[in-house]
Each structure stands twice: as structure tokens, then as C-alpha cells.
Amino acid sequence: GGQFRGCRLQQDRLNQAVAALQGRLAGFQFIKFRIGDDGFVVNLTSEAVTTASESLTGLVRDLGATGFLVNDRPVFGSPTVLYIYGEAPGRTWRLRVSHDAFFQADPTVVQRITDRMAEVIEAERGPNRLTENLLDLYAGVGTFGILLAGKVLGVYCVEISKSAAEDLEFNMSENNLTNLV
């Protein structure tokens with residue numbers, strides 16, 4: 001195969017990590033990164049390799065990773081990262097995302113999508129008191145439900161993934177939201 005030259009859509013930190021790890025992952029089939037506002041998690045997957053060498057673990061540490069997993073088992077650090085979003089001065093949302101939970105590949109898109117959804121909600125109901133409920137199917141860690149909770153009467157989140165549902169419950173509590181179910 002060819003040499004990885006980087007992805008123009010990703011953060012420089014991710015491209016630097018891929019470049020540093022290239023050629024050093026013999027036996028691993030997949031690599032997954034999770035980069036948040038407070039951390040950087042690396043998860044390597046292999047059918048044959050069950051542990052990481054000391055040199056590979058050291059390299060991942062040197063990259064600044066706050067968590068490292070092999071086959072979903074922690075080697076060091078935390079398997080979660082935190083994303084922080086803001087709507088208005090003084091109001092932010094904190095979202096914990098586990099290494100294996102679905103999350104938007106480009107977190108900067110989340111705010112734009114949510115802003116557009118909020119515009120549609122506002123246009124549909126007008127400026128009066130909140131009267132509608134939102135059904136958030138495939139809710140994941142609750143990103144859209146949490147960011148839109150202040151725009152509707154209630155949010156009903158549906159998620160099948162155990163780790164994402166656990167993150168969703170944590171995120172509801174962390175953000176002091178009582179109108180999510």
C-alpha cells in the first residue's frame with residue numbers, strides 16, 4: 001500500500017498521530033482515534049495481537065494520548081473524551097463520549113446541524129412557550145437531544161448501544177437536564 005499523506009478534513013493532531021504510528025502497527029487491522037476537548041484516545045484492534053509492546057505504548061504516550069486501548073481493553077488512561085459546546089454566553093454543554101460510542105466524525109459540524117434544527121423548531125412553533133416534544137432516534141450519547149433540550153418541552157432519546165446509553169445518562173446528569181427521557 002501507499003504512504004498515508006494525511007486527511008485535509010481532520011485536525012493536524014490526528015494526521016501527526018497517524019504519520020507517527022505508520023509502519024509500527026504490525027498485526028493490527030484497525031486503528032480508531034477519538035479526539036475531544038480534553039483528551040485523545042487511541043484504540044487498536046487485532047485478531048492476533050492481544051497486547052501492545054512497551055515501545056508502542058510509549059509512542060502512544062509521546063503522542064499525548066490520554067487513553068490507549070487494545071481490542072477495547074484499556075492499556076492506560078481513560079477510554080472517554082469530553083466535548084464542550086456553547087449556545088450563548090454562560091451556557092455550555094459537556095458531552096462524555098466513550099471510545100466505542102458513535103459520535104459525529106467532525107464535531108464542528110454538530111453545532112451547525114443543531115443550530116439549523118433549532119431554527120426549524122423555532123419556525124414551526126413560533127416564539128411562544130415550548131409545547132413540542134422531540135424524538136431523538138439513534139441518540140448516541142445524546143448530542144442533539146441535549147443541545148436542543150432547551151428548545152422543546154421534552155426529548156425522548158432512543159439508543160441501543162450500551163456504552164452510548166451510559167454516556168447519554170451521564171451527559172443528562174452532567175448537564176442538569178430533566179426534560180430528557
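Reader: Are Phe68 and Phe76 buried or exposed, and what makes a residue count as one or the other?

Author: Both Phe68 and Phe76 are buried. Buried means under 20% relative accessible area, exposed over 50%, and partly exposed in between, with a 1.4 Å probe and protein chains only. This is a predicted model, in which local features need pLDDT of at least 70, side-chain atom pairs count only at pLDDT 80 or more, and totals for chains, interfaces and linings use all residues. Residues are numbered from 1 along each chain as its sequence is written, and side-chain values use heavy atoms, with hydrogens and water left out.

Reader: Why does Phe33 count as buried?

Author: Phe33 has 19% relative accessibility. The limit is under 20%, so Phe33 counts as buried. Phe40, at 0%, counts as buried too.

Reader: How many aromatic pairs does a search of the whole structure find?

Author: The search finds two. Rings of Phe, Tyr and Trp (its six-membered ring) pair if their centres lie within 6.5 Å; planes under 30 degrees apart count as stacked, over 60 as edge-to-face and the rest as tilted. Phe33 and Phe40 form one of the pairs, with 5.8 Å from centre to centre and 5 degrees between the planes, and this pair is stacked.

Reader: Why is the pair of Phe68 and Phe76 called tilted?

Author: The ring centres of Phe68 and Phe76 are 5.8 Å apart and the planes stand at 55 degrees, so the pair is tilted.

Reader: What makes Arg61 lie over the face of Phe76?

Author: A charge sits over a ring if NZ of Lys or CZ of Arg is within 6 Å of the ring centre and within 35 degrees of the ring normal. Arg61 is at 4.0 Å from the ring centre of Phe76 and lies over its face. Arg96 lies over the face of Phe170, at 4.2 Å from the ring centre.

Reader: How many helices and strands does the protein chain have?

Author: The protein chain has five helices and eight strands. Of its 181 residues, 43% count as buried.

Terms used:
Helices (H or I, at least four residues) and strands (E, at least two) are DSSP runs, numbered from the N terminus.
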